[in-house]
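Subject: Structure handover

Hi,

Here is the structure I promised to pass on to you. Please have it open while you read, and my notes follow below.

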Protein chains: 2
Amino acid sequence: MTHQHSSLFAQLAAILAEESRTPLYKRFAAAIKDAVRAGQLVHEEILPGEREFSQSLGISRITVRKAMDELEKEGVVFRSRGYGTQICSQFEYSLKEPKGLSQQAVLRGKKPDTVWINKSKIRCNAEIAEKLGLSNGSDVWQLKRIRYVDQQAVSVEESWVSTQLIADADDIGISLYDYFRERQILPVKSQSRVSARMPDEALQQQIALPANVPVLVIKQLALDAQGNPLEYSISYCRSDMYVFIAE
Amino acid sequence: MTHQHSSLFAQLAAILAEESRTPLYKRFAAAIKDAVRAGQLVHEEILPGEREFSQSLGISRITVRKAMDELEKEGVVFRSRGYGTQICSQFEYSLKEPKGLSQQAVLRGKKPDTVWINKSKIRCNAEIAEKLGLSNGSDVWQLKRIRYVDQQAVSVEESWVSTQLIADADDIGISLYDYFRERQILPVKSQSRVSARMPDEALQQQIALPANVPVLVIKQLALDAQGNPLEYSISYCRSDMYVFIAE
């Protein structure tokens, strides 16, 4: 047993010793997830093997395997040839299809949430007008929210949508894309620009981000099948929690 | 005329007063490029308008317009409704087609260069083998280089290519993709993962990067039309000089 994992083993042993009606493998999996959330296990960290877990904790290898299968399905770990089982705490976001973060999170077994911090009707400036194909000064919704995945704040997103597409912004729930889909507005293409920078103080406070963690800045235009612009957004995403995929 | 631009105007006036057979608009455009390279004009900086340039420098508005058209074509400036003409010193890199940085730089009128810091034949580990579709321990070239655009170090790139595709790595010049193309090896698709992190000390030294500028980390697999993997690469790119585009 490596020194690195000794406090993890102690913690797991304590949790598994508790009386509970929940199956052992589920409690084991939950404890691993807690350790990831607490930053005790970090992205790409290699977990001890089945045998080591089994021997140190006095549980069967089948229990360990079932827990790892569950964690793999939920995207908390991934298995790779040669490296064994590794922690995956970064959130993979596809730039290809504008599915919306909420749906992408759900597809990976994670729980998305949104806290809206602004929904207001404004007259758009030249930049937004150009992106959305509107005339300068048209009415648009300015939507700003903090996004959460499994209760952790992961990004701040500001977006602009024509008031021709949304009558009342209060009708939008957690997911803008669910709102769109219910009205047969279908974002199917996107154009994205990805850059990175250090977070300013406002952003650090909004998502409890350490000053030394850079943010990925995603400027994205979502379009429907006919190429009509639907939404222009600028997202600031924790770089320790996001990876963007393009193909 | 703003104070900010007074030394720029003085410099431009001096250059335009020189005797030369090169058309005025070309010399004007070249002088703007020099100012960008010297850091005198920075990314997204808004340039004076046509009329201001024309009046201050005693040249026609048509000359100014022709210079700006040329600069726009070369990607040195971009025009946006409402903001006027802005400097673009960030390098836009498309994730869509694996053209190679050298070709993308040339297309934008910039001069790419490469300094190889490693070309060695190694037995690949499990991760590289998996990416390149080889068996574990196969011979691959490990290629490492510093990339320059207009004489500025912009990224460090490490890549792996099967020795079945490259007999002798010393035959590769500035551009690996030129080497490929000459041999009818055609990378046409790519899969990319984009993340960001702070540079470690080795990287800071290699490309003279301030410690507070994050790097974009691009892990890219380039494939041919039949889906055969050609090259797997990991690039560390200055975030103040790169934007990645996906659509």
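Is A:Asp240 buried, partly exposed or exposed? This is a predicted model, and in it A:Asp240 is partly exposed, because its relative accessible area is 31%. Its salt-bridge partner is A:Arg238, with N and O 2.7 Å apart. A:Arg238 itself counts as buried, at 8% relative accessibility.

Now for chain A as a whole. Chain A holds eight helices and ten strands, and its C-alpha atoms fill a box of roughly 70 × 35 × 35 Å along the principal axes. Of its 247 residues, 48% count as buried. Among the contacts in chain A with a separation of 6 or more, 58% are between residues 24 or more positions apart.

Over all chains, the count comes to 20. One of them joins A:Glu50 to A:Arg61, whose closest N and O atoms are 3.4 Å apart. This pair links helix 3 (residues 50-57) of chain A, where A:Glu50 sits, to helix 4 (residues 61-73) of chain A, which holds A:Arg61, and the two residues are eleven apart. A:Glu50 is partly exposed at 22% relative accessibility, and A:Arg61 is also partly exposed, at 39%. A:Arg65 joins A:Glu50 and A:Arg61 in a network of salt bridges.

In chain B, B:Lys26 forms a salt bridge with B:Glu70, and the closest N and O atoms are 3.6 Å apart. Here B:Lys26 belongs to helix 2 of chain B and B:Glu70 to helix 4 (residues 61-73) of chain B, 44 residues apart. B:Lys26 counts as partly exposed at 34% relative accessibility, whereas B:Glu70 counts as buried because its 17% is under the 20% cut-off.

B:Lys33 is also found in helix 2 (residues 24-37) of chain B. With a relative accessible area of 22%, B:Lys33 is partly exposed. Beyond its neighbours within four places in sequence, B:Lys33 is in contact with B:Leu71, B:Glu74 and B:Val76. The C-alpha atoms of B:Lys33 and B:Val77 are separated by 9.5 Å, although these residues are 44 apart along the chain.

Next, the interface. There, 30 residues of chain B are in contact with 31 residues of chain A. The two chains bury about 2500 Å² between them, 51% of it on carbon and sulfur atoms. On the side of chain B that touches chain A, helix 6 (126-132), strand 7 (189-197), strand 8 (215-223) and strand 10 (242-246) each supply at least two residues. Strand 7 of chain B gives the largest share, eight residues. By class, that side of chain B has 13 nonpolar, nine polar and eight charged residues.

B:Ser195 is found in strand 7 of chain B. B:Ser195 is buried, with a relative accessible area of 15%. Leaving aside neighbours within four places in sequence, its contacts include A:Leu216, A:Tyr242 and A:Val243 from chain A, as well as B:Val215, B:Leu216 and B:Val217 from chain B.

Last, the cysteines. A search of the whole structure finds zero disulfides over all chains. B:Cys237 is in no disulfide, and the nearest cysteine sulfur, that of B:Cys88, is 16 Å away. B:Cys237 counts as buried at 2% relative accessibility, and A:Cys124 counts as buried at 3%.

Best wishes

Technical notes: Residues numbered from 1 in each chain as written. Chains lettered and ligands numbered in written order. Predicted model: local features only at pLDDT ≥ 70, side-chain atom pairs only at ≥ 80, totals over all residues. Heavy atoms only, no water. Disulfide = S-S within 2.5 Å. Buried < 20%, exposed > 50% of the residue type's maximum accessible area, 1.4 Å probe, protein only. Helix = DSSP H or I, 4+ residues; strand = E, 2+ residues; numbered from the N terminus. Contact = heavy atoms within 4.5 Å. Buried area = accessible area lost by both parts, 1.4 Å probe. Nonpolar A, V, L, I, M, F, W, Y, C, P; charged D, E, K, R; others polar. Salt bridge = Lys/Arg side-chain N within 4 Å of Asp/Glu carboxyl O.
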